[in-house]
Amino acid sequence: MDEIAAEFIRRTVLKIPRGEIKTLLQKWGFLSETQLQAINFHQIKENISLDVVQLCEENSADIKQAAVLDIIYNYVYSNKRVWSVYQMNKPGEETEFFDISDFKKKFKRQLRSALKNVTINFREYEDNAIWIRIAWGTPYTKPNQYKTSYVVYHSQTPYVFVSASVLKSNLPLLCQALVVASNYHEIREMELRSRSLNSLKDIVFKRYSQAFQSYYPRPLEDRKVSPESTDLRVIQENKNEKERIQRVNREVFGEGPQPKLEFAQYKLETMFKSDPKMNVLDKKEPFRCLVKFSSPHLLESLKSLALAGMADAPLSPLLTCIPQKARNYFKIREKKGLFPGSFVSP
Amino acid sequence: GVFAHLEMLEVQAHEAALKQEEMEEQEEKLARLKARVQELRLQRDELRAKVDLQQKGQLGKEGVVSDPAQPSARAVLEWKIRSVKAMLQIFCLTGISGKLTKRGVCFCISTAYKGTYLDSYYLDLLTKPEVKIHRHSIPIFIPLEQIAKKYLQTDIRRFLSVLSDHLNAYVGRRYQADQLQEHFSDQIEGTLQRNSLHNLLVFNYKVSSENQTFPFNVRLLYGDLCCSLPTEVTISCTPEAPAALAEMAAAHSDLFRRTALHKAFRSISGAGASVD
């Protein structure tokens, strides 16, 4: 068996948490059930990985099989990568009859015509997601299986999710191949990044919970009723304010869970406003400042800020517009005109 | 004569007696009526006393004099509110319902496929200065922008109707594919190839003829996005297949074009089952 493939499989198995190795190998489907039964999954991972490689040798695994295992690993542990969102555009209005075999052919042909040394693998998932794994080489070297980019595309949508983690020089090739294969004209990167691929999908596909007003009776199972203090001697002094905040939160964030983002970044290019007598920044240059909000779950924490008493409700629209505008990177510049203010760049 | 005089006196006496009787009768009658009047007066007084008592008793409890048979104004209002709410909820089941918002109106399009209610989608519209879409939860692959460009400004009813047709047809196509995968996965070889809009479905299934099984490849193209039945059906089989299969392929092709996918499959797989 190809040594590179063997080593790659071994290293991939080592990345998987021990309790999950069997499940992932089963999903891979390359080793039979009997072969899997023969492996002792309670030994140390080093030994498990060697056993797996041994069995793969028996089955003559090649780089293609190794790539499939890599895709499965990255699908299950997609939050180990940072994903960006790209948006495609086309002038026409005809309906597409998206045929996946057509898409795959065009993508491979376009990419290979620009760079011969690439390994391209596809895998389709239940939710119409097409996963593409590309291992990059150079015009003179074979593809490096450890330098991979992942692309997730849903047919007939203008959005592509990319986890590049490689040299910037390959991105234009990748973008070109995507545009050609999906019958679009142009592509640009959006200002939206996160480790949670599903949350990014929720935001651009508008699957996240938005606060729509309607008479439609929505199921209320998710509503958490805060336990009221049963002691009648305890009175909530600011009960009205709390209810107001909850109402405002509902109107802004909706009822359901928020998409998971890890940060929001605001690049300020505004003028520092101070007393002219203080003589600070008398050059009248924009005061460059970067504000970054980080959190394991940014939008949920913003939602609970007002309730926790740490911010006023309603929150600044700069924070609450994130899912609606589908961006978490902002540039705030001085508004040009009579009234100095700030505006968010498109 | 005397007899004539006697007779005359008799007659006079008789008449006087009659008159007397009449008068006595009248007096009796009068007495009786007077007694009746007394009785009724007594009854009236008793009832008056009763009513007074009741009034005094009620004042103590509710403070409102009401006929127990008539509902209170508050109860009527509550009933009116309940029935309006129920009406509004029923509107949602009709497929398109709306609620006025501060800056416009929010529409809810509820989709269904042959009696099964499926997803609901929302459209938040601003009405001033012109009709514009503020937010929505329409899937990205539905050509919302195109439909809005055509109808939103000019004919909002048509806009909602066309959008609803697109959404209902989409969920219908998706439902059929899901049903096929759920109930007939054993007859399908490989995977059911779909796309986001579900306007192209490709799959292989087995047919048996003369104790042998042959694979059929089906390609369903849904050219009309507002329709949940395919516009083009292509069934192909391997070149070595017997000629009889060509007939079967044509029959199946016709079936797929006319009937819902899972129902068509049911009649294909069920021996002798009637086409729904």
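The model is a predicted one. Chain A has an open sheet of six strands with antiparallel pairing, and chain B has an open sheet of four strands, with antiparallel pairing too. Strands of a sheet pair through backbone hydrogen bonds, either parallel or antiparallel.

**The sheet in chain A**
- Reading across, the strands go E2-E3-E4-E5-E1-E6 (chain A).
- Strand E2 (118–124) and strand E6 (186–194) of chain A are the edge strands, and each pairs on one side only.
- From one strand to the next, the twist averages 25°.
- Strand E1 (residues 83–89) and strand E5 (residues 159–163) of chain A run antiparallel and are joined by four bridges; Ser84(A) sits opposite Val162(A) in E5(A).

**Helices on the chain A sheet**
- Helix H6 (residues 100–114) of chain A lies across E2, strand E3 (129–136) and strand E4 (148–154) of chain A, at about 165° to E2(A).
- Helix H8 (residues 197–204) of chain A also packs on the sheet, where it touches E1, E3, E4, E5 and E6 of chain A. The direction of H8 makes about 120° with that of E6(A).

**The sheet in chain B**
- Here the order is E5-E6-E7-E8 (chain B).
- Strand E5 (188–193) and strand E8 (232–237) of chain B each have a single partner strand, so one side of each is left without a neighbour in the sheet.
- On average, neighbouring strands are turned by 20° against each other, direction ignored.
- Three bridges link E5(B) to the antiparallel strand E6 (residues 200–209) of chain B, and Glu189(B) stands opposite Asn204(B) in E6(B).

**A helix on the chain B sheet**
- Helix H4 (residues 156–183) of chain B lies across E5 and E6 of chain B, running at about 155° to E5(B).

Notes: Residues numbered from 1 in each chain as written. Chains lettered and ligands numbered in written order. Predicted model: local features only at pLDDT ≥ 70, side-chain atom pairs only at ≥ 80, totals over all residues. Heavy atoms only, no water. Pairing = 2+ DSSP bridges. Helix = DSSP H or I, 4+ residues; strand = E, 2+ residues; numbered from the N terminus. Axes fitted to C-alpha atoms, helices over the stretch in contact; angles between N-to-C directions. Contact = heavy atoms within 4.5 Å.
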